[in-house]
Amino acid sequence: MTQDIYLYLIGTAGSGKSTLSHTYYEWAQIQGIDAILVNLDPGAENLPYTPDVDIRDWISLKEVMDVHGLGPNGAQIACADMLALNTDDVKESISSFKTDFVICDTPGQLELFVFRQSGPFIIKTLNPGRSMIAYLIDHVLAKNPSAFVSHLLLSLSTQLRMGIPQMNLLSKADLLTTEETDQVVEWSINPESLQNAFMQQQQSVYNQVNEQIARLLCDFPFAESLIPVSQKDFKGIEDMYTMIQLLFEGGEDTQRD
Ligand SMILES: Nc1nc2c(ncn2[C@@H]2O[C@H](COP(=O)(O)OP(=O)(O)OP(=O)(O)O)[C@@H](O)[C@H]2O)c(=O)[nH]1
Ligand SMILES: [Mg+2]
């Protein structure tokens, strides 16, 4: 019997979703783990991999722009809503692979996938009980304490909206020094270290608010799981895999009521 686990790579534009989808797939191949790559981004150009299932077979951003006379942003919104209309076809296509791992690369515009109807609908239709989100926090944005807190808030919003387990990843970690990486990981598990980082900055009412939000966020269990990842040397990929296996050990469903 296949494990039938769905992993959704979600993050802000350019955070490294497509690259990490491919890196995770390549790592799985090397380990002899059966996996497929699913592209859910209708606007994707120059993907770093060849998808096994590709939403562009049903929806094309360019076609939507041409047919409906929309600009790129309007077409992205229309495409996001159209995703839901093609979910049954995507499901059928994925089922034909009978695979253990379904790696889903999501659209660049996080807000379209997460906050409109299509993302939650796709997860609910495909396999909600065996799904997990890998949320990418871009290395550039993680280095600054207030940007990091903003990202944690966006990550939390994603988790609350999608209602399935989530792990947070520090993406493109090869572009950070070891000290910078350790610093961000420390912020994610220790609210006092983040508080200290704010105190070193110019005092303002925003820093106080950030500090309070940081303390609140660090109380959430997901904050403990910030994993530095990179396409270089498969950094963090095994940790991701271990976390997923732990979650789905025993074949239990994880869907929230
Ligand atoms: N150094 C380094 N660069 C990376 C890594 N992952 C991604 N990149 C680069 O970051 C850029 C964006 O990567 P993508 O994988 O396209 O990011 P994305 O989130 O899929 O982008 P959109 O779908 O457009 O939102 C590309 O130039 C990648 O080569 C990494 O681990 N290390
Ligand atoms: Mg992409």
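Helices (H or I, at least four residues) and strands (E, at least two) are DSSP runs, numbered from the N terminus. This is a predicted model, in which local features need pLDDT of at least 70, side-chain atom pairs count only at pLDDT 80 or more, and totals for chains, interfaces and linings use all residues. Residues are numbered from 1 along each chain as its sequence is written, and chains are lettered from A and ligands numbered from 1 in the order in which they are written.

**Exercise 1.** State how many helices and strands the protein has.

*Solution.* The protein has 12 helices and 7 strands.

**Exercise 2.** Describe how helices α2 and α3 cross.

*Solution.* Step 1: two packed helices are described by the angle between their axes and the distance between the axes. Axes are lines fitted to C-alpha atoms, for helices over the stretch in contact, and angles run from 0 to 180 degrees between N-to-C directions.

Step 2: the axes of α2 (residues 61-68) and α3 (residues 72-83) come within 9 Å and cross at roughly 110°.

Step 3: angles of 65 to 115 degrees count as roughly perpendicular, under 35 as roughly parallel, over 145 as roughly antiparallel and the rest as oblique. Therefore α2 and α3 are roughly perpendicular to each other.

Step 4: Leu 61, Val 64, Met 65 and His 68 of α2 make the contact with Pro 72, Ala 75, Gln 76, Ala 78 and Cys 79 of α3; contact requires C-beta atoms, placed from the backbone, within 7 Å.

**Exercise 3.** State the box filled by the C-alpha atoms.

*Solution.* Taken along the principal axes, the box is roughly 55 × 45 × 40 Å.

**Exercise 4.** Explain whether the radius of gyration agrees or disagrees with that of a compact globule.

*Solution.* The radius is taken over C-alpha atoms, and the globule rule is 2.2 Å times the number of residues to the power 0.38. A compact globule of 257 residues would have a value near 18 Å; the protein has 19 Å, which agrees.

Conventions. Contact = placed C-beta atoms within 7 Å.
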